[in-house]
Every structure is written in C-alpha cells, then in structure tokens.
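Here's a friendly tour of one protein chain. Have a look at the fold, then read on.

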Amino acid sequence: MHIMLKKFILGCLFLSTMPVWGITLVPQQMNAQISLKIPGNQSISYPLTLLERNNGVYELNSSEKLPVAIIQKVISENGKSSIEVQINASEKVWFNFSERIQSTFRHNDCLFYMPGFWYRKNLRSPKEAPSFHTSDSWTVREDRLSAPLTGIFNEKDGEYISVLRLDKLDGDALTTHDTGEVILSGKSSIGATGFVNEDGISSLSVSFPYWETPRSYIRKLTLASEVKAFYKLDKGESITLKWEVKNGKAEDYSTFVRNMWEYCYDTMAPQPVKTAYTVEYMKNILSKYFVESYVGNHSLKYNSGVHLNIDDCCPNGISEIGFVGRVLLNAFNSLEYGEQMNRPELVSNGQRIFDSYLQNGFTTTGFFREFVNFDDNTEEQNLSIRRQSEGIFATLYYLEYERNAGRVHPDWEKRVKNILKLILEVQKEDGSFPRKFRDNQVIVDNSGGSTPSAVLPLVMAYTYFKDKDYLNAAKKAASYLENEIISKADYFSSTLDANCEDKEASLYAATATYYLALVTKEKERKHYAELTRQAAYFALSWYYLWDVPFAEGQMLGDLSFKSRGWGNVSVENNHIDVFIFDFVDVLRWLSEQYNEPRFSSFAEVISTSMRQLVPYSGHLCGIAREGYYPEVVQHAHWDYGKNGKGFYNDIFAPGWTVASLWELFTPGRAEKFLLKEGEK
C-alpha cells in the first residue's frame, strides 16, 4: 500500500460478520481523522475516537484538545446507512476530515466502480493514468465522477457496498497548486471518494475537502503527486457533511453497475435543463459551421473541423473521414438540411464534398482515405475500422436519401460494396474486427475494441443492398460483442486516441445491438434488445447525473453551465463532451421496450443540457465563431493541455461535435432507414 495511505487509519465503521448485503452498519468502533493546518506549516493529523451520546449520535474526540467539535449521526435501515458529520469551530481553523467504511471483502476478490472514471480495476488503462498498474488504492475528487459515488463489488459472492455523497454540491474554490497541501481560496463543496486496501480488506474512503491519493491526475497520461486540500472555518462557523452507505447483492458486475446507476439516478433525480433553444434554432445556428468551415480548393472538398484553434476557428488543410472530423456525415447533413430549408449553398457544399471523395477519396486498394493533411502533404497510413465504418455509415445515409429523391449513384454503390468486401476480409473468426490495419490489409492493431462501430454500416448495407451476407457479418460481430465485451463488462478502446476504458465502447456496443434488434424478429430481437439494455447501463454510467460546481472566474461557471446530461470521455481523457449520436434514440427505444421511464426521462436531460454551449452572436461561450460547438469541456481539475477546469483546451474538433448534435436533433433517423414502412 502507498506509504501515505498506510500513514492514516481513517473512520472505520466495522461491520458484523453477517453478509454485507443483508445488514446495516454497526458503528461500534471508529477511528476517524481530522488534519489541521496552520498556513505556512505542514498539517498535523489527529486520530478521533468514538464517544456515544445517545442512540446513533456520537462525539468524535481526540486525545488532544482541538479547536473543533465533531458530532456524527448514523441512522441505518433497509440496507442503507446515512452518515451525517457536523464540524463546529471554536476558533479559526483549516481542516481536512476523512473517514473510511470497511467492508468484509478481501481486496483481491473485488472489482471497483467510480462512475465515468473507474471500472473493474482500470487494467485496460496504461500506468500513466489511474489504474491498478500504479496502485490498488485510489481516492479522487468528486467532480471527476458522473455521480459522487464509489462502489466495491465482491466477485466471490456478488455482495457490494457503496458510498454516495448527499450534500448539495454547489461551490468550488481555486487553489494555487496542483499537488501537496493546498488551502482553498474560498468556499467549496468538492470532496473526495475512493477505495483503499487496508491489510487485504477493501474499504470505502471519503474526505472533505478533497484528498487525492496516491496520485493526482492533472492532464492526459500525466500523474502528479497526491494533493490534500484544506477548508477554512472561522470561529463559530460549522459545516455539515452527508454520505449514504448502501449494501446489496448482484449476480455479476454488469448488474452491479445497473443497480448503482438506478440508485444514483433515483437519488439525484436530474431534471431537464431549462433552455430557450429549440431544435430548429440549434440546427440553424449549427448550420453556420457547414458554411464557414467549407474548404473547396483541394482535390478533396471538406468541412474543416479538426485541430482548430478556439480563438479563431480558421480552417486548415485536414480532412478526416470519420472519428473527430466526420466529413461525410457533415456533408450529408448539410445537403439534406439545405434542401429542407431551401438553402442552395448548403446543398452545393455537401454535394461537392461527396463528388470529390468519389473521385479522389480512396486508397489504391479501395479503402477511404481517412486522414489527409493538405498543409504538409501527409496522409495517415494506418487505417481504422472505426473511420472506415463511419465513412460507410454516412455514405449509405446519403445514397438512401438520394435514391428516395429519384437520384441514383451506381459509382458510389460500387465503391461502398468494395470497401465492405475489404472490411469483411479482415473480420476474424471470432467475429471481431482489428482496430487498425494497412491499405494492404496487414493488421497493425489486433484489438477488437472498435468492433461495434462496424456493425452499424453492415446492418445498413444489408437493408440498402438487400444482401444477407452483410447481416450475417454483423451478427457474427455481435457474437464477439456478447462473448468478449458485454458479458465480461469489459468496454475498451473504441476511441482512436486512447487505449483504455471509454464511454464510446459501451455506447457503440449498445447502438450496434439496437440496430440488429431493429432488423430481426421475435426471440432473436429480444436477445439483441437485452444486450442493448445491458450495454446501455454502462454507457449511461459515463453521463453526469449532477451539476459540477465551478469557482468564480471559471468561464463555464460564469455561464451557469450545468454538467448533467454530458458524458465523461475515458479514463485517459478526463473531460466531458457531447458525444451522443444515436444513443438518445436507443434510450427512448429501450424505454418503450422495457417500460422504463428512467431512460426516456434521462434522454430529455441529455437533449436539453447539450444545447447550453451553442455559440451565437453575444453568446459565443469562448469560441470564436457561431455554430462551432465546443469539444473539450474541462469540468474537473484537469486539462487536456491548456486552460484547465472551467475552460476548453485551445485546440478542438467541431467536426464531430456538430455531427453528434445533428444526430441528436434528428430523432428516429436509424429506424427510418432500417424499418419498412409498416414496421415504423
């Protein structure tokens, strides 16, 4: 165990020897700790002992006289225990209070959960990010998490224990340092939560204000030393802290995550964000991106949406088919919207992009040219199943739209069939697709984490071309998803700029099986629906159920930004974004299939919340141009390279943010494509 973690034994509420899930906490022994700091001096930690005043109410006393009085109330019923701690200052004091709740679980038997940040043991993540590669004990700031909760799941018998912060978290304060002992500049509500290995037994850990151990995560793949914050109470002031400990049992880790999400959702009850921005208004503003980002002076025409600077949003020479560029999907959206709204410029720009890719957008073998940089005349040589799939996805939407309008494109159809043939040639026996490969189909990255992205265009191709080979390949890929990803609750490496647990892996898995459910029947359809629901809970776990507080002077706070409904990205990239695409449609469909109102209600939270930062004149939200929706929204004490909490990184990719929001505001698009008229 990390030396600083062994250094203190925090508040242990010892449990009886009965199974954790069937009892409530019995606070008969407690060793709590408060650390006090005089500015300019190292803090001193004081162990606290329990003195019962009456049933469920205890004084926490030290062997030395302290300038604080601490009262703790513990009320246990129905498998839950509420813990309320009141700290009263008899003179001015700077403090950090910590407590641990000990389970009966052997640490080696456990998997862990901090929503939107920690899954299982984070072993898919590198040692440069928070993971068991670095330590088996971690505590982190609450604003890193989509709900301020830590859960411990015992694989041996399915028992679990969790702790959830119940205070109103409504303020934050700046600090001058990222590491070491820091004094908050003002009032804050941000604490820390996590799990600790105490001599082989798993314990939950909470603190206020935050105390990150054994390392703090300050930017991509950069761990720093631990940080411990101190909160000031003036003489006569007091503060009350609240947590809830929950016990339960689940048949597996997936069920545990589902239980935790439903529990957090019901407890925190996120509501839609009140906004005057209608879907029509959002699309009108976002369409400005289609106009201003258009680049037409190269062999490939495109909307410039990769590696732009937030301060000017000037176009550059990069054209990216999928991932963060989403050139073809934006081209289709521009064309479709242009015809709907009688805006010829949008139609013309979209059509020119597709025409240029038909003429110049393919490799020698016939794959899409994924990432071309005309500024330095370079091109990505490693191709990816994700970008190829997203290019086909967009092209099939374009071809179906054109065919319905009486315009057919046989040359495009031939190109798409050829890419599909090449893709199927690299599909492995287990149904997976390699993450990256060369134009000659030599495999560069065998990981199957991006496999679900291929299912979407395969199902669409089956519908468009009426060819069951595509459907069979999609089902084969779904078998891999079921056997290796969904059943193992191991969602990883769907994104291209990280190798770790990430949101997009579960989101893509849920969307893939949703597509298959739409085109199958009866028992098979029910099976895919159940897989969709199981993956959806993991995707949902990345989305915020609460509003992270900001300090004054942090732009997002000054804009009254609400983080609920926004999703964290991955273990490596600890920021929130608007990656959603089809997922709201998935949630609404699941809500109908399973009569689950939580899904549709939270879909509305997502839809309203993601409208907040739309840049328009007088409300540019830190972005230089209207319609260029921000990407790297830094909600936690972390930065992607620049600016930190409450701001954006200086470089962003509006290509995918505009495409994602456009999908969100075009409900039912996949069902309209995949279902016959009588099935819709």
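Predicted model: local features only at pLDDT ≥ 70, side-chain atom pairs only at ≥ 80, totals over all residues.

## The nonpolar core

Let's start on the inside. The largest nonpolar core holds 223 residues, and I87, F95, F97, Y253, W412, Y515 and F583 touch the most other members. Helix α10, which covers residues 503-519, gives this core its largest share: 12 residues. In soluble globular proteins, nonpolar side chains tend to be buried together.

Now zoom in on F583. Which residues is F583 in contact with, leaving aside its neighbours within four places in sequence? They are L507, A510, A536, A539, L540 and Y543.

## Two cis prolines

Next, find P209 in the loop between β14 (201-208) and β15 (211-219). The peptide bond joining F208 to P209 is cis, with omega at about -15°.

## Two positive phi angles

N377 isn't a glycine, yet its phi is positive, near 55°. You'll find N377 in the loop between β22 (371-373) and β23 (378-379). Its relative accessible area is 69%, so N377 counts as exposed, the cut-off being over 50%.

C621 is another residue other than glycine with a positive phi, near 55°. Look for C621 in the loop between α14 (597-609) and β29 (651-652). Is C621 buried or exposed? With a relative accessibility of 6%, C621 is buried, because the cut-off for that is under 20%.

Conventions. Residues numbered from 1 in each chain as written. Heavy atoms only, no water. Core = buried A, V, L, I, M, F, W, Y, C linked by side-chain atoms within 4.5 Å. Buried < 20%, exposed > 50% of the residue type's maximum accessible area, 1.4 Å probe, protein only. Helix = DSSP H or I, 4+ residues; strand = E, 2+ residues; numbered from the N terminus. Contact = heavy atoms within 4.5 Å.
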